[in-house]
Amino acid sequence: MTFLAQQALAERPFFDILAVPPDVDVVGAWLIALFTLCVFSFLYKDNPFYKFAEHVFVGAGTAFFTLQYYEEGVLEPVIDHIHRASGLIDSGGLLMLGGHGIDPTLGIVFRCIAAALALMLLVRLFKADSWAPRWPLAIMVGVYAALKMTGETQAKLVLPVKGMLTPITNPDAAAWSSDWARVEDTGVFFTIAALVVIVGTICALSHFIFTYKRTPLLGGVSRVGVVVLMITFGSMFGFTVLGRIALLIERVDSLGTLSGNGYQMMGTGTGTLSVMTSPPVLTAVLITLVLVLRKITGKDAGDTAST
Amino acid sequence: MKREIPILLTVLCGLAITWSFFSQSDVSKAVNAELLAWAVVFFSVAFLLGIGNLIRISLKQISSGHRDRPYKIVLLVVLLGYLGIGIAEIHGWLAPLATGTDPTGQVIMSENVRRDWIYYRIFQPLQATMFSLLAFYIASAAFRAFRARSFEAVLLLMAGAIVMLGQVPLGDTLTFDMASRWQDFLMKYINAAGQRAIIMGAAFGTLATGLRIVLGLERSYLSE
Amino acid sequence: MANVTDFDRRWIFLAMGVLVVGLYTTGAKSPAPQLEYVQAYYDVIEALPDDSIVMLSADFDPASAAELLPMYQATIHHLLRKNIRVVNVATWPAAPPYTRNEFNQITPQYGKLYGTDWVELGFLPGDDVAMAQMGASLHSAFSTDSRENKPLAELPLMGELGDSLQGIDLLITLSAGYPGILEWLAQVGGRYNMTILTGTTAVQTSDLYAFYPSQLAGFIGGATGATRYLELVSEQTEAMVHARDVNQNRIMIQEWAHMLILALIVVGNVLYFAGRGK
Amino acid sequence: MLDVAGASEVLNGLYEQLNPWVDTSKLPTLGCIIAYAVVMFWAQSRAKRGVEIPIRRIPGLDALDEAIGRSTEMGRPVLYVPGIDEIKEIQTLYSMMILRHVARKTAEYGTELIVPVKDSVVMAFAEEAVKQGCQDAGQPDAFIPDNVRYLSNEQFAYCAGVAGIMNREKPAANIMLGMFFAESLILAETGFASGAIQVAGTAKQHQLPFFVAACDYTIIGEEYFAVTAYLTRDPNLLGTIRAADVIKIVVIASVIVGAALATIYVDAGPGPNWSTIFNRLFG
């Protein structure tokens, strides 16, 4: 192993705490290849490699998020805030709050109340059905509900309507162009497009009118609405394909950069030996071998097929 | 009292936030800012409670000799190990390391290097790969399940196809540069119309729930 | 094949895998299509005067970094080349490692100083609440910056900016879902009447047409949009040329993968209806 | 007859008056919220007094009964997937209401009902809903506790578990109602491949394309809430739906009027005209 390590060291640091992508250290390269391929092995069927990767993922993810919420959501708004406010008391400054300076002592008092209420949440750990956690919970729910109610009514209801109060004719554009490539710039096209948007929105909205009698008019309009909605879903569908495949390509790309670039155990460049001993390829071979062996020995009976 | 006080708190905070949305007064802005800061703290602490649950469940499965016992041990080791390192870094028990120098030649110290090392070598590849699996599932679903059985499905698949073609140069070449123009028309006009209807629908839902909560009529969140 | 649904899907997995890996090894490239909304995104930033202040929010995680990280890097290059000052924040807990890493790597290339040319306020929990709080009071939202743990007032840029978003000329969010662009529009865009740009995952892209251009000045959607933006930025920025090439190679793979999907849909339907015909 | 100048005078004066108290650019939002609230409470009180608020039939709803009937004929179970979100998600809560209705039907027909869940709290709610449904049908012993199953708390593990049920126990009907994420694609595909009749519904728009493409009937967006209201006749829900309908009609009218005015005054010079006045009403 020492020999292999030295081979790698020739080009890459074997372990470097400061190395960040795209130039990770050799240990990192092997970890990345291992975990990536463990997850891909799920495509064959649920298996110990995937289970391992999945549990590492849950563990690492939970730990990482916990650290983030602890540092930015508890230490900073409580400890750092109070610390800063007490600093302002000494310097006799005001604590800025919504563009409005307040007495820092007051700020400290407020934040201590918040901390106390936050502690009431923790009571749940010891007593499941305690009344205490309900107080902070109630405040949180109230704040969220009010924020979403006001903000989203304006941004998703009022402003989109306002955005549609535009003319359906464009006097500045030439009425029609014989040049097929420039049709989109003509006044006729502008009007058609504007009408499509307005009629389309009205029809789609009418499809979601439920509590009024289905007159032939409403029925017909809502039928057009279905067409509009289906084309909308279709475009989402197309874009979703675009997105999912992009994720896969990126993973392949990142594995590709690890097959070579000094991460391989032996050889250099694109020689067979060097490629075969590169993190992704070697790991893939090993995982495949183990899965094949499990199949032969019938040990994989417990795994559920991925289909 | 067990229910009245929380509901009172909800209504008061809800009204305060709503008021500050419409009002011009400095006081309302200050109250707004402070309440939001409170909500951030509660939000975070509530999240931290979740980890307690995870640990408890995992420990139970380990002690009860659950079939996945070894994996649960792995989970706990990773979780607690990462947590330990992170907390040590946050509180400076592990010294910050120099990550480089800025243009003035001043050394840049970072307290996150160990956390980021693990992040980039374990969490990042795992999460990215988990979601890249969907590329394969969408392919097999395309072959085995996406059927033009109804008028709706036909429309949907055709629109999807046009977008898939219109988004890439090859699709344009194959359709004599029509795909991207059709796509533009679908997206900019028809899709925009459909999206407005859907988004307004979502807004109505938020508005209804929000109103009921702010006015203290919705109490289901207090039940559990 | 009696019934298409009896077919073991893993052959399709294999086909997709072989296609992508095979094409990747060729290293061929395709340009991205012309996209009006990407041009709009680019033009809005181009139109900003020197020393404008932009708030750049990283609202994504590794699951969507494939699409959003290239946009994020290109946007940072674009802003710094234009001598625009950047306030960098995040509403997704898994974003800060990216923001730290990218800014540490890119700012020195432009000789930008921390505190005067850019600041890192880091992650703020609370989703919608976090956004609303940044709008309401930056100084109470972030007691300290996340790089040097100093009170904001001690950072020249934040001192100049003051407590409100009034001084911010433009908000850019790289948005992967909830919380993201829709929440920014609701909590900051409409409320403080702020100009917003966004780069989003492909999945979210079609939603944005409901807001463009009246509420959203421009956007970048998915990998194709990212590549198009990289093409625009790399015209001025040598450092982005390699990234552009990498992404054009991805577009080449992407377009054939689309063809595979389309072929699978067609063949699947033909076999299905043929089988039903019998 | 009020002329343009007069109208804009009045509007400006009004905004002047209100400005110290209210941010006038947000008045339309305030108006919208108040209008919605008024209609909602009015409709709710009427519904509570038993005044009939009609709800149009939703195709997906008939499909529910059809699907259950089919599995009864084939003597195979019905699979009900309540989405993967927690109970605090409103869609999950409504899914529980629909589950109760489905459980009643299956109990009446004597068909087995399998409910896999991803969240332990949802599990309790689901058990309660199924139990209730069986009692509604007068068949309390039709409730089989083992058929409400907690599979896993991990998205893809849960997904694999449900796929396993679809392949092994071959339910003749898959009903997927609630909040779905990326797994919707895999569930819909596996269900289709297993040859079951599939009814899906969610208000999560990004998952709808897959349901439409791979399921026999899909309940899209707001229809999901309408279905719940139709089944439960819950006055509060009826009220909110009626209120939304009223606002929609207002929106449609405003768009028509506004666009028409804007077109009429398209090359009108600066200064107020009916179009600008109308637009100001929207902030």
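Predicted model: local features only at pLDDT ≥ 70, side-chain atom pairs only at ≥ 80, totals over all residues.
Colleague: Within what distance do the axes of helix 7 of chain B and helix 2 of chain D come?

Modeller: They come within 11 Å. Two packed helices are described by that distance together with the angle between the axes.

Colleague: Which residues of helix 7 of chain B and helix 2 of chain D meet?

Modeller: Helix 7 of chain B brings F204(B), L207(B), A208(B), L211(B) and R212(B). Helix 2 of chain D brings I33(D), Y36(D), A37(D), M40(D) and Q44(D). By class, this helix contact has 8 nonpolar residues, 1 polar and 1 charged.

Colleague: Now chain B against chain A. What makes up the area that they bury between them?

Modeller: About 11,400 Å² is buried there, and carbon and sulfur atoms account for 81% of it. The contact involves 118 residues of chain B and 122 residues of chain A. The size of an interface is often given as the accessible area lost when the parts come together.

Colleague: What makes R111(A) and E34(B) a salt bridge?

Modeller: Their closest N and O atoms lie 3.0 Å apart. The cut-off is 4 Å between a side-chain nitrogen of Lys or Arg and a carboxyl oxygen of Asp or Glu, so this pair qualifies. Between chain B and chain A the count is 5 salt bridges. There are also 14 residue pairs in polar contact, both residues at pLDDT 80 or more.

Colleague: Which element gives the most to the side of chain B that touches chain A?

Modeller: Helix 7 of chain B, with 25 residues. Other elements giving two or more residues to that side include helix 2 (26-63), helix 4 (113-144) and strand 1 (97-101) of chain B. The side splits into 80 nonpolar, 20 polar and 18 charged residues.

Colleague: And how many salt bridges does the rule find across the interface of chain D and chain A?

Modeller: The rule finds 0. Polar contacts do turn up: 8 residue pairs, with both residues at pLDDT 80 or more. The contact takes 49 residues from chain D and 38 residues from chain A. The buried area is about 4,000 Å², with 74% from carbon and sulfur atoms. R56(D), V255(D) and F282(D) supply 15% of what chain D buries there, more than any other three residues.

Colleague: Which helix of chain D gives the most to the side that touches chain A?

Modeller: Helix 10 of chain D, with 15 residues. That side of chain D has 30 nonpolar, 11 polar and 8 charged residues.

Colleague: How do you know that K148(A) and E152(A) meet in a salt bridge?

Modeller: The N to O distance is 3.2 Å. The limit is 4 Å, so the pair counts. Both residues sit in helix 5 (residues 134-163) of chain A, 4 residues apart, and are therefore separated by about one helical turn. Over all chains, a search of the whole structure finds 39 salt bridges.

Colleague: Back to the backbone. What is the omega of the cis peptide bond from P21(A) to P22(A)?

Modeller: Omega is near 5°. P22(A) lies in the loop between helix 1 (2-9) and helix 2 (26-40) of chain A. The bond from Y212(C) to P213(C) is cis, with omega near 0°. P213(C) is in the loop between helix 9 (202-208) and strand 6 (218-221) of chain C.

Colleague: What phi does F176(B) have?

Modeller: Phi is positive, about 55°, although F176(B) is not a glycine. F176(B) sits in the loop between helix 6 (169-174) and helix 7 of chain B.

How values were computed:
Residues numbered from 1 in each chain as written. Chains lettered and ligands numbered in written order. Heavy atoms only, no water. Contact = heavy atoms within 4.5 Å. Buried area = accessible area lost by both parts, 1.4 Å probe. Polar contact = N/O pair within 3.5 Å; in protein donor to acceptor, adjacent residues only side chain to side chain. Nonpolar A, V, L, I, M, F, W, Y, C, P; charged D, E, K, R; others polar. Axes fitted to C-alpha atoms, helices over the stretch in contact; angles between N-to-C directions.
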